[in-house]
Amino acid sequence: MREPSVRRYSGRSVEEWKAARRERLLAAALELFGTEGYPATSVERLCTQAKVSTRHFYHEFQNKEAVLLAVHAQVIETAVRTTGDALRRTADRPVGERISAAVDSYLRTIMADLRQARISFVEVVGTSPAVEEQRIAFRELLIGSVNDLGETAVGRGEIKPKDFRFLGLAFFGAVNTVVYDWMLTDPRPPEQTVQQSLRELAVQLMTS
(Lines give C-alpha, C1' and ligand atoms only; values in the text may rest on other atoms or scores of the structure.)
Protein backbone atom coordinates (compact mmCIF):
# COMPACT_ATOMS: atom_id res chain seq x y z
CA MET A 1 0.00 0.00 0.00
CA ARG A 2 1.40 3.40 -0.98
CA GLU A 3 2.10 5.96 1.74
CA PRO A 4 0.10 9.18 1.39
CA SER A 5 1.99 11.87 -0.44
CA VAL A 6 3.24 14.93 1.43
CA ARG A 7 2.05 18.24 0.05
CA ARG A 8 5.02 20.40 -0.90
CA TYR A 9 5.38 24.10 -1.60
CA SER A 10 8.46 25.31 -3.52
CA GLY A 11 10.09 21.98 -2.77
CA ARG A 12 9.35 22.04 0.98
CA SER A 13 6.80 20.17 3.02
CA VAL A 14 4.40 22.06 5.29
CA GLU A 15 6.40 20.90 8.32
CA GLU A 16 9.63 22.17 6.78
CA TRP A 17 8.04 25.57 6.16
CA LYS A 18 6.80 25.65 9.76
CA ALA A 19 10.24 24.73 11.11
CA ALA A 20 11.91 27.41 8.99
CA ARG A 21 9.37 30.00 10.12
CA ARG A 22 9.96 29.09 13.77
CA GLU A 23 13.73 29.38 13.32
CA ARG A 24 13.35 32.83 11.76
CA LEU A 25 11.25 33.97 14.73
CA LEU A 26 13.81 32.61 17.20
CA ALA A 27 16.63 34.34 15.30
CA ALA A 28 14.63 37.58 15.36
CA ALA A 29 14.03 37.17 19.10
CA LEU A 30 17.73 36.63 19.76
CA GLU A 31 18.56 39.78 17.83
CA LEU A 32 15.84 42.04 19.21
CA PHE A 33 15.66 40.81 22.81
CA GLY A 34 19.46 40.77 22.89
CA THR A 35 19.91 44.32 21.56
CA GLU A 36 16.74 46.36 22.12
CA GLY A 37 15.43 44.36 25.07
CA TYR A 38 12.41 42.17 25.73
CA PRO A 39 10.02 44.90 27.00
CA ALA A 40 10.82 47.14 24.01
CA THR A 41 10.09 44.42 21.45
CA SER A 42 6.52 43.89 20.29
CA VAL A 43 5.11 40.84 18.54
CA GLU A 44 4.71 43.01 15.43
CA ARG A 45 8.39 43.97 15.57
CA LEU A 46 9.37 40.31 15.87
CA CYS A 47 7.22 39.44 12.88
CA THR A 48 8.68 42.23 10.76
CA GLN A 49 12.23 41.17 11.63
CA ALA A 50 11.45 37.50 10.87
CA LYS A 51 9.35 38.27 7.78
CA VAL A 52 6.46 36.31 9.28
CA SER A 53 2.82 37.37 9.47
CA THR A 54 1.25 37.84 12.89
CA ARG A 55 -1.22 35.07 11.99
CA HIS A 56 1.65 32.66 11.44
CA PHE A 57 3.37 33.91 14.60
CA TYR A 58 0.43 32.70 16.68
CA HIS A 59 0.56 29.35 14.90
CA GLU A 60 4.05 28.89 16.38
CA PHE A 61 3.91 30.69 19.74
CA GLN A 62 1.15 31.50 22.18
CA ASN A 63 2.58 34.93 22.98
CA LYS A 64 5.82 36.92 23.22
CA GLU A 65 6.71 35.29 26.54
CA ALA A 66 6.72 31.89 24.82
CA VAL A 67 9.33 33.17 22.36
CA LEU A 68 11.55 34.39 25.21
CA LEU A 69 11.25 31.00 26.90
CA ALA A 70 12.20 29.24 23.66
CA VAL A 71 15.21 31.42 22.84
CA HIS A 72 16.44 31.23 26.44
CA ALA A 73 16.02 27.44 26.30
CA GLN A 74 18.36 27.37 23.30
CA VAL A 75 21.03 29.22 25.30
CA ILE A 76 20.49 26.84 28.24
CA GLU A 77 20.77 23.76 26.05
CA THR A 78 24.08 24.93 24.57
CA ALA A 79 25.54 25.94 27.95
CA VAL A 80 24.55 22.67 29.64
CA ARG A 81 25.88 20.61 26.76
CA THR A 82 29.26 22.37 26.52
CA THR A 83 29.77 22.37 30.29
CA GLY A 84 28.87 18.69 30.51
CA ASP A 85 31.21 17.88 27.63
CA ALA A 86 34.07 19.67 29.43
CA LEU A 87 33.47 17.69 32.62
CA ARG A 88 33.37 14.41 30.72
CA ARG A 89 36.57 15.22 28.82
CA THR A 90 38.38 15.93 32.09
CA ALA A 91 36.86 13.11 34.15
CA ASP A 92 40.29 11.72 35.09
CA ARG A 93 42.01 15.08 35.62
CA PRO A 94 42.69 16.84 38.96
CA VAL A 95 39.80 18.84 40.39
CA GLY A 96 41.37 22.23 39.59
CA GLU A 97 41.63 21.36 35.92
CA ARG A 98 38.05 20.07 35.85
CA ILE A 99 36.73 23.26 37.43
CA SER A 100 38.70 25.43 35.00
CA ALA A 101 37.50 23.48 31.97
CA ALA A 102 33.85 23.60 33.05
CA VAL A 103 33.92 27.32 33.87
CA ASP A 104 35.69 28.16 30.61
CA SER A 105 33.14 26.21 28.57
CA TYR A 106 30.19 27.83 30.34
CA LEU A 107 31.52 31.38 30.09
CA ARG A 108 32.63 31.05 26.48
CA THR A 109 29.15 29.89 25.57
CA ILE A 110 27.45 32.75 27.39
CA MET A 111 29.89 35.55 26.55
CA ALA A 112 30.68 34.69 22.92
CA ASP A 113 27.50 36.47 21.84
CA LEU A 114 26.50 39.64 23.68
CA ARG A 115 22.88 39.04 22.71
CA GLN A 116 22.91 35.70 24.54
CA ALA A 117 24.59 37.32 27.54
CA ARG A 118 21.98 40.06 27.72
CA ILE A 119 19.11 37.59 27.48
CA SER A 120 20.67 35.31 30.13
CA PHE A 121 21.67 37.97 32.66
CA VAL A 122 19.24 40.82 32.06
CA GLU A 123 16.12 40.09 30.04
CA VAL A 124 14.99 36.88 31.80
CA VAL A 125 15.42 38.19 35.35
CA GLY A 126 12.05 38.74 37.01
CA THR A 127 10.21 38.94 33.68
CA SER A 128 7.35 36.61 34.64
CA PRO A 129 6.74 33.59 36.90
CA ALA A 130 7.20 31.17 33.98
CA VAL A 131 10.45 32.76 32.82
CA GLU A 132 11.74 32.98 36.37
CA GLU A 133 10.92 29.31 36.91
CA GLN A 134 12.99 28.40 33.83
CA ARG A 135 15.87 30.61 34.93
CA ILE A 136 15.95 29.04 38.40
CA ALA A 137 15.72 25.53 36.92
CA PHE A 138 18.78 26.30 34.79
CA ARG A 139 20.64 27.58 37.84
CA GLU A 140 19.77 24.39 39.70
CA LEU A 141 21.19 22.30 36.84
CA LEU A 142 24.46 24.20 37.09
CA ILE A 143 24.57 23.91 40.87
CA GLY A 144 23.91 20.19 40.54
CA SER A 145 27.03 19.97 38.37
CA VAL A 146 29.00 21.87 41.00
CA ASN A 147 27.81 19.49 43.70
CA ASP A 148 28.63 16.39 41.63
CA LEU A 149 32.09 17.72 40.81
CA GLY A 150 32.74 18.55 44.45
CA GLU A 151 31.52 15.23 45.80
CA THR A 152 33.68 13.39 43.26
CA ALA A 153 36.72 15.38 44.36
CA VAL A 154 35.95 14.63 48.02
CA GLY A 155 35.68 10.94 47.21
CA ARG A 156 39.10 11.07 45.57
CA GLY A 157 40.61 12.79 48.60
CA GLU A 158 41.41 15.97 46.63
CA ILE A 159 39.40 18.38 48.78
CA LYS A 160 37.53 18.39 52.08
CA PRO A 161 33.73 18.19 52.26
CA LYS A 162 32.00 21.56 51.83
CA ASP A 163 28.56 23.01 51.31
CA PHE A 164 28.81 22.80 47.52
CA ARG A 165 25.31 24.17 46.97
CA PHE A 166 26.25 27.34 48.85
CA LEU A 167 29.49 27.63 46.87
CA GLY A 168 27.57 27.18 43.62
CA LEU A 169 25.08 29.88 44.56
CA ALA A 170 27.91 32.22 45.52
CA PHE A 171 29.82 31.58 42.31
CA PHE A 172 26.90 31.97 39.92
CA GLY A 173 25.77 35.06 41.78
CA ALA A 174 29.24 36.47 41.14
CA VAL A 175 29.06 35.45 37.48
CA ASN A 176 25.74 37.27 37.04
CA THR A 177 27.09 40.48 38.57
CA VAL A 178 30.48 40.41 36.86
CA VAL A 179 29.18 39.58 33.37
CA TYR A 180 26.42 42.19 33.65
CA ASP A 181 28.98 44.81 34.65
CA TRP A 182 31.27 43.67 31.81
CA MET A 183 28.47 44.18 29.28
CA LEU A 184 27.89 47.75 30.47
CA THR A 185 31.56 48.80 30.67
CA ASP A 186 32.84 51.06 27.91
CA PRO A 187 35.39 50.29 26.68
CA ARG A 188 34.63 46.66 27.43
CA PRO A 189 37.64 44.65 28.70
CA PRO A 190 38.56 41.48 26.82
CA GLU A 191 36.26 38.61 27.75
CA GLN A 192 39.34 36.44 28.34
CA THR A 193 40.31 38.68 31.26
CA VAL A 194 36.90 38.29 32.90
CA GLN A 195 36.87 34.56 32.23
CA GLN A 196 40.28 34.09 33.82
CA SER A 197 39.26 35.98 36.96
CA LEU A 198 36.05 33.97 37.32
CA ARG A 199 37.91 30.72 36.65
CA GLU A 200 40.38 31.52 39.42
CA LEU A 201 37.53 32.42 41.76
CA ALA A 202 35.80 29.10 41.10
CA VAL A 203 38.96 27.09 41.76
CA GLN A 204 39.62 29.02 44.99
CA LEU A 205 36.05 28.56 46.26
CA MET A 206 36.10 24.83 45.64
CA THR A 207 39.62 23.93 46.72
CA SER A 208 40.63 26.36 49.50
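Visitor: I'd like to start at the end of helix α1. Which residue follows α1 with a positive phi?

Guide: That's G37, with a phi near 100°. Keep in mind as we go that this is a predicted model.

Visitor: How do I read the helix itself?

Guide: An α-helix has 3.6 residues a turn, so residues three or four places apart point the same way. Here, α1 covers residues 14-35, which makes 22 residues. From first C-alpha to last, α1 reaches 32 Å, close to the 32 Å expected at 1.5 Å a residue.

Visitor: Which residues of α1 are buried?

Guide: They are A20, R21, L25, L26, A28, A29, L30, L32, F33 and G34.

Visitor: Now for empty space. How do I find a pocket?

Guide: Rolling a probe the size of a water molecule over the atoms shows where empty space is left. In this structure, the largest pocket has a volume of about 210 Å³. It is lined by 13 residues, and the closest to its centre are Y106, F121, R135, R139 and N176.

Visitor: Which elements give two or more residues to that lining?

Guide: Four helices do: α5 (95-111), α6 (114-123), α7 (129-155) and α8 (164-184). Sorted by class, the lining has 7 nonpolar, 4 polar and 2 charged residues.

Visitor: What about aromatic rings? How many pairs are there in the whole structure?

Guide: A search turns up 6 aromatic pairs. Take F57 and Y58: their ring centres are 4.9 Å apart and their planes sit at 85°, so this pair is edge-to-face.

Visitor: Is F57 buried or exposed?

Guide: F57 is buried, at 0% relative accessible area. Y58, at 47% relative accessibility, counts as partly exposed.

Visitor: And how would I read a pair with another angle?

Guide: Look at Y106 and F138. Their ring centres are 6.5 Å apart and their planes are at 50°, so the pair is tilted. Y106 lies in helix α5 and F138 in helix α7, so the pair ties together parts 32 residues apart in sequence. Y106 is buried, with a relative accessible area of 6%, and F138 counts as buried too, at 7%.

Visitor: Which residues do ring pairs link into a cluster?

Guide: Y106, F138, F171 and F172. Remember that Y106 also came up among the residues closest to the centre of the largest pocket.

Visitor: Where does a charged end sit over a ring?

Guide: R188 has its charged end over the ring of W182, 5.4 Å from the ring's centre.

Terms used. Residues are numbered from 1 along each chain as its sequence is written. This is a predicted model: local features need pLDDT of at least 70, side-chain atom pairs count only at pLDDT 80 or more; totals for chains, interfaces and linings use all residues. Side-chain values use heavy atoms; hydrogens and water are left out. On a 1 Å grid over the protein atoms alone, a cavity is a set of points where a 1.4 Å probe fits but cannot get out, and a pocket is an open set with protein on both sides within 12 Å along at least five of seven lines; lining residues have an atom within 4 Å of a point. Grid points are joined across faces, edges and corners, and a volume is the space filled by probe spheres set on the points. Ala, Val, Leu, Ile, Met, Phe, Trp, Tyr, Cys and Pro count as nonpolar, Asp, Glu, Lys and Arg as charged, and the others, Gly among them, as polar. Rings of Phe, Tyr and Trp (its six-membered ring) pair if their centres lie within 6.5 Å; planes under 30 degrees apart count as stacked, over 60 as edge-to-face and the rest as tilted. Buried means under 20% relative accessible area, exposed over 50%, partly exposed in between (1.4 Å probe, protein chains only). A charge sits over a ring if NZ of Lys or CZ of Arg is within 6 Å of the ring centre and within 35 degrees of the ring normal. The expected span of a helix is 1.5 Å times one less than its number of residues.
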